[in-house]
Structures are given as structure tokens and as C-alpha cells.
Amino acid sequence: MEFVTKPQTQYSPEQGLVIEAQQIDAEELYLLSTKKVAAIRITNYYPEDLCEKITSKIINENKAGRFAKAEHVQRIGMPHFDIVDTTSFNQYHEIALQNIKNLREIYTPYLSPIDKFRLEMDEAWPAGAKVESLYGKKCFVGLCRIIQGISGSTLEPHIDRLSRDSSDSYAAHSLESQLAANIYIATPDTGGEVEIWLKEPEIEAYEKELEKTKSYHVNREILGEPDAVIKPKVGDLLLFNSRCFHAVKESSGGIRSSIAAFVGYRGINHSLSLWS
């Protein structure tokens with residue numbers, strides 16, 4: 001089984017497929033959105049000492065839920081990915097803004113990682129950045145994900161694409177590309193590397209592969225070697241194209257936690273949109 005790999009131009013021979021950036025930059029976001037590079041990493045994006053403080057608050061003061069489709073992953077805040085019926089759809093949108101406020105209170109008195117990201121995306125992108133709205137309802141943004149360093153802590157190769165989750169939404173189908181953003185507030189001693197393949201599947205082919213595994217992921221064997229393997233550090237911001245295959249290696253020795261969001265790209269003259 002072969003997936004469609006759209007034409008790409010490498011960012012620069014010297015830099016390779018992963019851009020090591022100092023700040024969020026519109027040109028680099030464009031390169032990532034159009035699959036000319038595999039990832040953008042900004043080290044020390046959020047101060048390491050604050051990462052330790054908010055991780056402690058998150059773990060000790062909150063009861064984490066679990067992803068409906070990946071139960072080994074804990075989460076604080078409800079992701080769009082967990083919408084499976086009318087009830088969960090209504091729940092997601094009804095509590096979206098309250099979830100944003102609740103998480104912001106966890107980070108007080110510090111600027112929250114997701115608020116920092118939202119502000120800087122809005123400032124960097126010429127047309128700005130805003131919280132995504134679907135069906136006239138605001139989305140949640142700023143999901144906290146927690147993976148315990150135990151056997152089975154991997155995330156197998158998969159894609160994230162809003163139009164699969166909201167198949168009847170014009171806003172979802174208007175996206176030309178979708179980025180994943182993760183700000184790492186805790187990383188394990190070993191493992192936890194992010195693997196990225198610059199392969200974006202046709203949806204029909206992807207659905208057929210999911211039928212074979214009866215799960216959220218495809219078999220790794222059909223993809224070959226990843227184009228990039230990145231081991232995040234505490235405080236890093238990592239962005240990659242979520243419509244391309246990506247996975248997370250098994251980890252051990254501590255938790256792996258990140259503040260996560262998706263970024264929707266509709267063209268250079270349109271604002272970016274953010275949701276979780």
C-alpha cells in the first residue's frame with residue numbers, strides 16, 4: 001500500500017527538514033504548512049522552572065481524564081478528537097470556553113503556555129490568529145496531555161485532520177493544512193521521541209488502513225523510515241504538519257506531558273485558527 005506524497009522542496013540543504021528556530025516566524029509556518037519541512041522546534045520556548053511548577057499543579061490539583069480513542073493517554077480538557085456523538089459534541093462546545101478559563105487559572109500567576117503561543121501566533125502571522133469556530137460555536141484550545149512512562153506508552157503512526165472529525169463542517173473542509181503544536185512541560189528520561197513522515201494520505205486509503213488495525217493508527221510497516229525523529233526537551237515548542245503521519249516512541253522514567261493545540265491554515269491571506 002502506497003500513500004500519496006505531495007511534492008516538497010527542502011528548506012535548505014544545511015538545515016535539513018527540521019528548522020531550529022528562535023521565535024515563531026510566518027515564513028517558516030508557511031514552509032511547514034506546505035510540507036516543505038517536517039518540523040519547527042523552538043528550544044526554551046517556555047521557562048523550564050515554570051514548566052516544573054505548572055506540571056506539579058496539574059498533576060496534584062486535577063483529576064485527569066482519558067482519551068476515548070487512546071485510553072492510555074490522560075488529558076485535562078476535552079479534545080475535539082473525543083467527539084463521537086451528539087452528546088459529546090454538545091458537551092465539547094458547551095464547556096470549551098470554561099475549559100480555557102479553568103486551565104488559565106492553573107497557570108496563574110504565570111502567563112500560560114497556550115496564551116503565550118496564541119499571542120505570538122497572532123503577532124507573527126500577517127492575517128492574525130484566532131480561536132477556531134465550528135458550526136458557529138467556539139472551540140477549546142490548550143489541551144494538556146499526559147503519558148505515563150510505562151509499557152504501552154507509545155502513540156502509533158496516525159494523522160490528525162479536522163475534516164475527518166467534522167465531516168459536515170464547511171470550516172473544517174476549508175482548511176488547506178493543519179499543524180500540531182506541542183509545548184513540552186515534562187519529558188521522560190528515555191524515549192518519547194516524535195517520529196514524522198512527510199506523507200499525507202488520501203483519506204480513502206487511510207480509512208482502509210485503519211480498518212486493518214481496528215484502531216486509531218496504521219501499521220508502521222507500510223510507511224518505511226520516518227523523515228525526522230525529534231526528542232523534545234522540557235520547555236520546547238514543536239510544530240509539525242498533523243496531516244502527515246506522526247508517532248511517539250515508547251518512554252520510561254517519568255511522565256511526558258505537553259500543552260497541545262492544532263493550527264488551521266487556509267492560505268497566506270487568511271487568519272490562522274487554533275483549537276484542541
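Colleague: Start with Arg-164. How exposed is Arg-164?

Modeller: Arg-164 is partly exposed, with a relative accessible area of 29%. Keep in mind that this is a predicted model.

Colleague: Which side chain does Arg-164 meet in a salt bridge?

Modeller: That of Glu-207, at 2.7 Å from N to O. Arg-164 sits in helix H6 (residues 162-165) and Glu-207 in helix H8, so the pair ties together parts that are 43 residues apart in sequence.

Colleague: And Glu-207, what does it count as?

Modeller: Partly exposed, at 29% relative accessibility.

Colleague: How many salt bridges does the structure hold?

Modeller: The structure holds 12. One of them joins the side chains of Lys-35 and Glu-200, at 3.0 Å from N to O. Lys-35 is in the loop between helix H1 (26-33) and strand E2 (39-42), and Glu-200 is in the loop between E12 and helix H8 (203-213), so this pair ties together parts that are 165 residues apart in sequence.

Colleague: Are Lys-35 and Glu-200 buried or exposed?

Modeller: Lys-35 counts as buried, at 9% relative accessibility. Glu-200 counts as buried too, at 5%. The cut-off for buried is under 20% relative accessible area.

Colleague: Which Arg side chain meets Glu-200 at 3.9 Å?

Modeller: Arg-243, again in a salt bridge, N to O. Arg-243 lies in the loop between strand E14 (237-241) and strand E15 (246-248), while Glu-200 lies in the loop between E12 and H8, so the parts tied together are 43 residues apart in sequence. Arg-243 is buried, and so is Glu-200.

Colleague: Which residues are linked with these in a network of salt bridges?

Modeller: The network links Lys-35, Arg-161, Glu-200 and Arg-243.

Colleague: Change of topic. How many residues of strand E10 are buried?

Modeller: 10 of its 10 residues. E10 covers residues 177-186.

Colleague: What does E10 pair with?

Modeller: E17, for one: 9 bridges join E10 to E17, and they run antiparallel. In that pairing, Asn-182 stands opposite Ala-260 in E17. E10 also pairs with E14 in the antiparallel sense, over 5 bridges. There, Ala-180 stands opposite Phe-240 in E14.

Colleague: Staying with E17, where is Ala-261 found?

Modeller: In strand E17, which spans residues 256-265. Ala-261 counts as buried, at 4% relative accessibility.

Colleague: What is Ala-261 in contact with, leaving aside neighbours within four places in sequence?

Modeller: Ile-114, Val-141, Leu-179, Ala-180, Ala-181, Trp-275 and Ser-276.

Colleague: Next, the open sheet. What is the strand order?

Modeller: E9-E15-E12-E13, 4 strands with antiparallel pairing. Strand E9 (155-158) and strand E13 (228-230) stand at the edges, each with a single partner strand, so one side of each is left without a neighbour in the sheet. The twist averages 10° from one strand to the next.

Colleague: How many bridges join E12 to E13?

Modeller: 3 bridges, and the two strands run antiparallel. E12 covers residues 194-196. Glu-195 stands opposite Val-229 in E13.

Colleague: Last one, helix H3. Which residues are buried in H3?

Modeller: Ser-88, Tyr-92 and His-93, in a helix running over residues 86-94. They cover an arc of only 130° around the axis, which puts them on the same side of H3.

Colleague: What do the buried residues of H3 pack against?

Modeller: Helix H4 (96-107), plus strands E6 (133-134), E7 (137-138) and E18 (272-275).

Colleague: And which exposed residues does the face of H3 turned away from its buried side carry?

Modeller: Thr-86, Thr-87 and Glu-94.

Colleague: What caps the N-terminal end of H3?

Modeller: Asp-85. One of its side-chain oxygens lies 3.3 Å from the backbone nitrogen of Thr-87.

Definitions and conventions
Residues are numbered from 1 along each chain as its sequence is written. This is a predicted model: local features need pLDDT of at least 70, side-chain atom pairs count only at pLDDT 80 or more; totals for chains, interfaces and linings use all residues. Side-chain values use heavy atoms; hydrogens and water are left out. Buried means under 20% relative accessible area, exposed over 50%, partly exposed in between (1.4 Å probe, protein chains only). Contact means heavy atoms within 4.5 Å. The arc is that of the directions from the helix axis to the C-beta atoms. A polar contact is a pair of N or O atoms within 3.5 Å; within protein, one must be able to donate a hydrogen and the other to accept it, and residues adjacent in sequence count only if both atoms are side-chain atoms. Two strands pair if DSSP finds at least two bridges between them. Axes are lines fitted to C-alpha atoms, for helices over the stretch in contact, and angles run from 0 to 180 degrees between N-to-C directions. A salt bridge is a side-chain nitrogen of Lys or Arg within 4 Å of a carboxyl oxygen of Asp or Glu.
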